[in-house]
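Colleague: I would like to go through the charged contacts and the surface of this model. Please take one feature at a time.

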Amino acid sequence: MIMEDVFCSREKLSNTIFYETEKFMLVYDLFPIVKGHMLIIPKRHVDDIIRLDAAEWKDLEKVKNKCIPVLLDRYCRDDRSYNIAVQIGEYSGREINHLHIHILPRAENDAYKKRTMELYRNIEARRAQAEGAVGTEVKELRKLFKYKPM
């Protein structure tokens, strides 16, 4: 279900903004999956990462290079683990139709790890079946991209 685009309203975000540049705002997620979960949000309304313009890509590079190390220092003292997630489109799970990039600092036994580990339970038992299916898909993608090994 797509909700109202609160990311276009600076007023609605003002209590969660902790850093900004000309093109982006960084906000602490109102419903953090893990401690330190933040969002990088473009100030211009854009719904897909491939629609960022050259100036936004340049500014995004600056934002990530400044902010990710600071977050890791604060939330990941023992290990520098983190996830970057972007959900695009109706079926991705995104609830607000405005690009936002999740940065999730990770800890050894955080709640997110417990959730994702359920997906990989019994992976060895399924490996042969998965490799066959992946091999078929890779062949099709190589045709699509006209891939020639270098």
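**Salt bridges and a nonpolar patch**

Modeller: Arg10, Glu20 and Lys43 are linked in a network of salt bridges. Keep in mind that the model is predicted.

Colleague: What counts as a salt bridge, and how many salt bridges does the count come to by this rule?

Modeller: The rule asks for a side-chain nitrogen of Lys or Arg within 4 Å of a carboxyl oxygen of Asp or Glu. The count here is ten salt bridges.

Colleague: Take the pair of Glu20 and Arg10. How far apart are the closest N and O atoms?

Modeller: In the salt bridge of Glu20 with Arg10, the closest N and O atoms are 2.5 Å apart. Glu20 belongs to strand β1 (residues 17–20) and Arg10 to helix α1 (residues 10–13), so by position the pair links distant parts of the chain, ten residues apart.

Colleague: Which other residue forms a salt bridge with Glu20?

Modeller: Lys43 does, with 2.8 Å between the closest N and O atoms. Glu20 lies in strand β1, while Lys43 is in the loop between β3 (38–42) and α2 (54–75), so this pair ties together parts that are 23 residues apart in sequence.

Colleague: How should I read the exposure of the residues in that network?

Modeller: Partly exposed covers the range between the buried limit, under 20% relative accessible area, and the exposed limit, over 50%. Glu20 has a relative accessible area of 33%, so Glu20 is partly exposed. Lys43 is also at 33% and partly exposed. Arg10, at 44% relative accessibility, counts as partly exposed.

Colleague: Is Asp48 buried or exposed?

Modeller: Asp48 counts as buried, because its relative accessibility is 13% and the limit for buried is under 20%. Asp48 forms a salt bridge with Arg51, where the closest N and O atoms are 3.8 Å apart. Arg51 is partly exposed, with a relative accessible area of 48%.

Colleague: Turning to the surface, which residues form a nonpolar patch?

Modeller: The patch consists of Tyr82, Ile84, Val86 and Ile88, which together have about 310 Å² of accessible area.

Terms used: Residues are numbered from 1 along each chain as its sequence is written. This is a predicted model: local features need pLDDT of at least 70, side-chain atom pairs count only at pLDDT 80 or more; totals for chains, interfaces and linings use all residues. Side-chain values use heavy atoms; hydrogens and water are left out. Helices (H or I, at least four residues) and strands (E, at least two) are DSSP runs, numbered from the N terminus. Buried means under 20% relative accessible area, exposed over 50%, partly exposed in between (1.4 Å probe, protein chains only). Patches are made of residues with over 30% relative accessible area and no salt bridge: like charges are joined within 9 Å, nonpolar side chains (Val, Leu, Ile, Met, Phe, Trp, Tyr) within 5 Å. Accessible areas come from the Shrake-Rupley method with a 1.4 Å probe; for residues, only the protein chains shown count as cover.
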